[in-house]
Amino acid sequence: MALACVVEAGDLRIRERLRAEGAEAVWASVRASTTDDAWSRRAALVDLASVESLARRHGLRFVVPSDPEWPSALADLDGSEPVQQWGGAPLGLWVKGSASLAELAADAVAVVGCRASTAYGERVATELAAGLAEGGTTVVSGGAFGIDAAAHRGALAADGPTLPKTRYRTLRMSADKKVFFDVVKTPADNTCYYCHTARFASTDAAGDWTHDEDVHLRAGMTCSDCHRNGIEHDTVRGFEGEQHSTSASVATLSCRGCHLDDKDEVARVVGGRLGAPKPLHRGLPTIHLELLSCTACHSGPQLDRDKQVFRVQTAMAHGLGLPTHSLNADSEPGIVAPVILKSDGVLYPHRTVWPAFWGEMQGTDVKPLSPQAVYDTLRTTLRVRGNSTFTETLGKVTLKAEDKAAVLGEERAKVAPAELTADERDKLAQLEKTKSAETFREKLSAPLKKLKTLIQTPDAQPVYVSGGRVYRLGQDGETVEVLAEQVAAAQPYSWKLAHDVRPARWSTGASGGCYECHSLGSPFFDSQVTAVGPAPDVEPPSERMAELAGLDRLRIDTWNLSFQGRAAFKWFGFASAGIVGLVLLSFVFLGINGLGGFARRS
Amino acid sequence: MFNDLTTKLADILHHPGRIFPAVVAIVLIATAAIVILHLFMALLGGHAAKQRRRFNLWEKLVYLAALVSVAALAITSFYAVLRLGGMHGWWLFAHMFGAGAMTGTLPLLALTWCGAHCCCGATHRPANEAEPPRFFWIPRVMFWLFLLAGLVLILTTMVSMLPLFGSEGLEVLLNLHRYAGLLAVVALVIHLYCVLLQRAQLR
């Protein structure tokens with residue numbers, strides 16, 4: 001046990017010495033050694049009584065090869081070829097739990113893999129381990145992040161026996177048993193992209209800036225240069241003021257900490273990591289650095305001149321990279337960006353999504369129903385086909401000839417769609433939207449009625465939440481109505497975005513100066529954020545960006561209006577300063593002259 | 001101990017903006033105390049009052065406009081700094097409009113009142129030698145201090161609007177603006193006090 005505390009598992013040097021001298025002699029020799037090697041240094045720190053006491057407290061026992069429950073298969077390791085001079089059976093194993101290790105290991109399968117695993121690999125490892133555990137087979141794996149952890153999760157989810165073999169170096173632990181791994185082995189960016197990436201779904205998205213992606217990646221940096229990992233994938237997000245769970249200082253991993261400087265609780269941070277340029281921000285009043293995040297001007301898609309936000313798809317929500325990923329811009333969930341919102345008094349660009357779910361409503365409190373229960377209940381009622389979406393199933397309409405004629409007139413209704421004018425096409429699209437919304441509400445009645453069987457709470461009723469609205473059965477129990485009042489559960493959910501980071505010349509305000517934001521109707525304050533969701537809606541809830549951010553509309557408009565006379569004010573100001581300066585200068589000369597006269601008279 | 005003090009002093013000198021609220025509070029209280037103390041002494045019968053020429057309507061109007069604009073600027077800035085922790089929102093907006101008014105009144109004040117505050121000796125005194133100067137030395141000094149501070153205030157505002165200085169340069173300009181503003185307010189308060197003192201024939 002003592003040797004296991006000082007010698008790394010698989011160190012061949014100890015195997016040879018154990019064979020030759022025996023465990024007790026080797027320990028005595030290591031303990032007595034005066035040489036300044038790693039074993040001796042660690043041995044000097046080992047307090048066996050304390051180790052035994054800790055083991056007893058945590059219900060641990062130390063199993064050695066001579067014990068009856070020692071897994072005999074481990075002996076094979078002694079006969080195997082070393083890998084990079086490491087190998088052999090371990091000196092012993094720490095075991096927790098009442099089961100016999102030998103019995104557990106008699107029917108065991110190892111599931112191991114890389115740390116920088118793909119989402120697909122982890123899913124397969126989890127399912128494999130869960131399947132094995134359900135069948136009574138023990139899953140053996142390491143304790144590393146990635147495939148190993150996924151295997152354990154799968155086995156534990158199935159309540160099966162697992163044998164983790166992790167040994168952490170106590171010197172890397174902080175007093176509160178947390179470890180911060182400053183990643184040395186850089187995972188490939190593609191590994192990160194499986195979960196952390198986004199693409200524009202709108203065809204008109206991205207504005208004028210369509211090349212070069214993120215400036216940091218183009219400059220040769222990788223994801224982990226800023227987004228350092230901790231154990232359990234506790235990744236640093238990189239936002240200002242972030243506190244990592246390990247209490248490690250992560251201030252230099254934010255935009256400000258890297259490019260400017262920042263303060264955390266520990267020490268002042270000097271910017272300039274990896275040659276990061278320090279921005280000049282010429283002529284930008286410093287109040288902007290207090291009220292805006294760096295990302296507000298430098299990240300995400302450029303604000304749209306038409307004052308609309310863009311539909312985006314993210315890896316996690318839309319399965320980017322998977323074969324099932326849909327390139328359709330309208331694929332759900334509908335996420336939009338950039339939405340400028342306040343967080344801790346600072347404006348950040350966000351991605352926003354409106355919840356869409358089946359729920360039960362009591363008063364104005366809506367709780368989601370179990371998706372599996374909803375699926376089981378509605379699978380026959382809804383009959384959503386594999387190649388068709390929920391919206392299409394409930395809201396798709398084909399305009400009839402008489403419908404078209406009512407809008408376009410008898411003659412134009414017969415014309416082929418390609419020959420219609422843009423105005424006529426818009427009229428038809430509007431009609432289709434209206435019809436679609438009506439059809440959706442009609443068809444929503446059946447599933448809502450069916451879901452009553454799932455409602456357990458008295459006075460609660462089934463509802464469908466989508467696009468900021470709540471749909472429920474009306475008083476007659478047949479027709480579907482939209483709830484007039486706002487419900488918290490239907491409100492949009494937003495999270496900060498920071499990528500892609502645009503080049504400095506493409507940042508907000510770089511080309512248009514102050515007026516890019518401070519002018520009446522600027523996209524920064526006046527963009528319309530319109531709710532999206534699976535339910536077709538003729539007039540979905542829509543709000544101005546400034547109001548969504550909780551800014552005072554009157555103040556913003558008045559402030560922006562005052563910028564109309566800014567150029568004239570500059571001339572006026574300098575003229576005023578010139579007059580005052582001349583007066584001062586004249587009277588300084590007169591004063592000097594007067595002093596001279598006074599001196600002569602004296 | 002000495003090292004700690006040196007470090008703290010260096011920190012203050014590097015970030016004069018941080019101690020500004022404390023400086024404002026101390027300076028305003030000190031100014032009020034000095035004015036009250038002086039008034040008390042004047043009421044006890046210090047100096048013999050002199051007959052000085054009265055101000056015409058235009059001079060009064062210009063002075064009043066300067067007073068109002070500076071008062072607006074002082075209230076919007078000092079209240080926001082002392083009570084709200086910084087100037088944002090409507091306070092900043094009001095301050096900006098007050099600044100516009102002051103930018104207009106300051107040259108008028110300089111042109112209208114400069115002759116009365118001239119420290120240029122006998123050669124440039126008014127033709128009527130028997131007439132005493134319109135102000136004694138304190139308001140004269142305060143007037144020129146106010147004009148100088150006002151010039152710095154306008155220039156720091158205007159230069160900040162140009163794409164010349166980066167964040168650090170703008171921070172320096174902002175600190176200059178802050179302290180020049182404080183100086184202007186103190187100078188004008190004392191000047192006003194002296195004017196009122198003379199009107200009340202206590203000086």
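**A helix pair and its setting**

A: Helix α8 (residues 119-134) of chain A and helix α9 (residues 147-157) of chain A have axes that come within 7 Å and cross at roughly 35°. Axes are lines fitted to C-alpha atoms, for helices over the stretch in contact, and angles run from 0 to 180 degrees between N-to-C directions. Helices (H or I, at least four residues) and strands (E, at least two) are DSSP runs, numbered from the N terminus.

The model is predicted: local features need pLDDT of at least 70, side-chain atom pairs count only at pLDDT 80 or more, and totals for chains, interfaces and linings use all residues. Residues are numbered from 1 along each chain as its sequence is written, while chains are lettered from A and ligands numbered from 1 in the order in which they are written.

On the α8(A) side, the contact is made by Gly121(A), Glu122(A), Ala125(A), Thr126(A), Glu127(A), Leu128(A), Ala129(A), Ala130(A) and Ala133(A). α9(A) answers with Ile147(A), Ala150(A), Ala151(A), Arg153(A), Gly154(A), Ala155(A) and Ala157(A). Two residues are in contact if their C-beta atoms, placed from the backbone, lie within 7 Å. By class, this contact has ten nonpolar, three polar and three charged residues (nonpolar: Ala, Val, Leu, Ile, Met, Phe, Trp, Tyr, Cys and Pro; charged: Asp, Glu, Lys and Arg; polar: the others, Gly among them).

Now the chain around the pair. Chain A has 25 helices and 19 strands. Of its 602 residues, 27% are buried (20 or more other C-beta atoms within 10 Å of the residue's own). Among contacts in chain A with a separation of 6 or more, 65% join residues 24 or more positions apart.

Chain A also holds an open, antiparallel sheet of five strands, in the order β13-β12-β14-β15-β16. Its edge strands are β13 (365-368) and β16 (480-482), each pairing on one side only (pairing takes at least two DSSP bridges). The twist averages 35° from one strand to the next. Helix α21 (residues 422-450) of chain A packs on this sheet and touches β14, β15 (469-473) and β16. The direction of α21 makes about 65° with that of β15(A). Inside the sheet, β12 (residues 357-362) and β14 (residues 461-466) of chain A run antiparallel, joined by five bridges. There, Gly359(A) stands opposite Val463(A).

Arg383(A) follows α17(A), with a positive phi near 50°.

Chain B is built of six helices and zero strands. Buried residues make up 29% of its 203 residues. Helix α2 (residues 20-43) of chain B has 24 residues and reaches 34 Å, close to the 34 Å expected. Gly45(B) follows α2(B), and its phi is positive, near 100°.

The two chains meet through 38 residues of chain B and 30 residues of chain A. On the chain B side, α4 (89-113), α5 (137-160) and α6 (167-199) each give two or more residues. α4(B) gives the most, with eleven residues. By class, that side has 25 nonpolar, twelve polar and one charged.

Technical notes: The expected span of a helix is 1.5 Å times one less than its number of residues. A residue is buried if 20 or more other C-beta atoms lie within 10 Å of its own, exposed if 12 or fewer, and partly exposed in between; C-beta atoms are placed from the backbone.
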